[in-house]
Amino acid sequence: MNKETQLPSTDTEEDKDDGSLRPKEGWHVLHLFYHVEQSQWDILDHQGKIAAETGLTELIQEIRSHPDTQLLAFSMLTPKADIGFMLLTPDLQDANEFEKRLSRSLGADVLAPTYSYLSMTEQSEYATSEDEYGAGLEKRDIKKGTAEYDEEIVKFHQHIAKYTQDRLYPNMPDWPVYCFYPMSKRRGQDGQNWYASSFEERKALMKGHAAIGRTWTGKIRQLITGSVGLDDMEWGVTLFANDTHDVKGIVYQMRFDEVSSQYAEFGDFYIGIQLPLDQLFRRVLG
């Protein structure tokens with residue numbers, strides 16, 4: 001449903017003067033949700049509807065062929081929205097252009113925006129350092145200066161490199177069940193202030209939080225994107241699964257972890273189904 005992720009493009013000095021707005025690292029991520037205004041859609045005759053669907057199909061294919069860009073499309077559950085898109089692309093100029101073109105793609109006033117969220121892929125500030133990993137090796141009686149220790153450190157750096165690549169430049173799956181929600185950490189409510197805690201305290205809590213997430217490997221694909229200064233809350237959470245029960249399960253289990261139970265605030269949840277475009281149009285447009 002989406003093309004394989006390409007390696008991120010490297011900006012040249014010439015690129016910096018072309019008007020692009022590429023971040024130092026990572027991609028911009030836009031979640032877009034729309035209602036289909038049926039009265040406006042029904043104004044179109046049969047040929048007009050075919051032309052509109054063809055135009056949207058061609059636009060989606062054009063966006064998906066753009067360098068380092070992914071666009072996923074969803075039929076949304078509940079009346080919160082009818083159709084949703086998830087766009088990942090490095091250049092903010094492109095993100096803005098694609099967003100406007102998608103909104104107008106079916107004709108005037110057919111797609112009415114209901115919700116949107118802007119964020120960026122980012123590294124985790126709580127990732128394990130080499131010193132921390134090395135201390136763990138020492139506890140396992142793998143001593144510094146030995147060949148075994150050096151081999152483990154090489155493996156550690158390979159793992160961190162892949163983890164960082166997956167966080168900054170992810171390849172989104174074609175799994176059918178899609179869930180998106182924004183969240184923030186509490187600041188000051190009833191004495192619970194995430195940002196007043198020390199880095200060491202926050203890192204220890206996040207380590208346990210991440211351990212719960214890893215138990216869902218193979219059932220849930222998760223992407224955490226940062227939105228501080230970009231949108232109303234602080235992170236966007238995107239989940240993909242093959243079974244709705246697993247989405248429900250991981251969110252429920254996480255609620256009991258201290259990071260969530262004591263410090264997390266959640267926005268609205270949006271659930272959709274990732275579909276091929278022909279099926280999506282039949283379901284959403286009728």
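Tyr-169 is buried (under 20% relative accessible area, with exposed over 50% and partly exposed in between; 1.4 Å probe, protein chains only), its relative accessible area being 16%. This is a predicted model, in which local features need pLDDT of at least 70, side-chain atom pairs count only at pLDDT 80 or more, and totals for chains, interfaces and linings use all residues. Residues are numbered from 1 along each chain as its sequence is written, and side-chain values use heavy atoms, with hydrogens and water left out.

The whole structure contains 17 aromatic pairs, a pair being two rings of Phe, Tyr or Trp (its six-membered ring) with centres within 6.5 Å; planes under 30 degrees apart count as stacked, over 60 as edge-to-face and the rest as tilted. Two of these pairs are tabulated.

| Pair | Centre to centre | Angle between planes | Class |
|---|---|---|---|
| Trp-27 and Tyr-169 | 5.3 Å | 70 degrees | edge-to-face |
| Tyr-115 and Tyr-270 | 5.0 Å | 10 degrees | stacked |

Trp-27 lies in the segment before β1 (28-36) and Tyr-169 in the loop between α5 (147-168) and β5 (177-185), so their pair ties together parts 142 residues apart in sequence. Helices (H or I, at least four residues) and strands (E, at least two) are DSSP runs numbered from the N terminus. Trp-27 is buried, at 1% relative accessible area.

Tyr-115 belongs to strand β4 (residues 111-121) and Tyr-270 to strand β9 (residues 270-274), so this pair links parts 155 residues apart in sequence. Tyr-115 is partly exposed at 26%, whereas Tyr-270 is buried at 6%.
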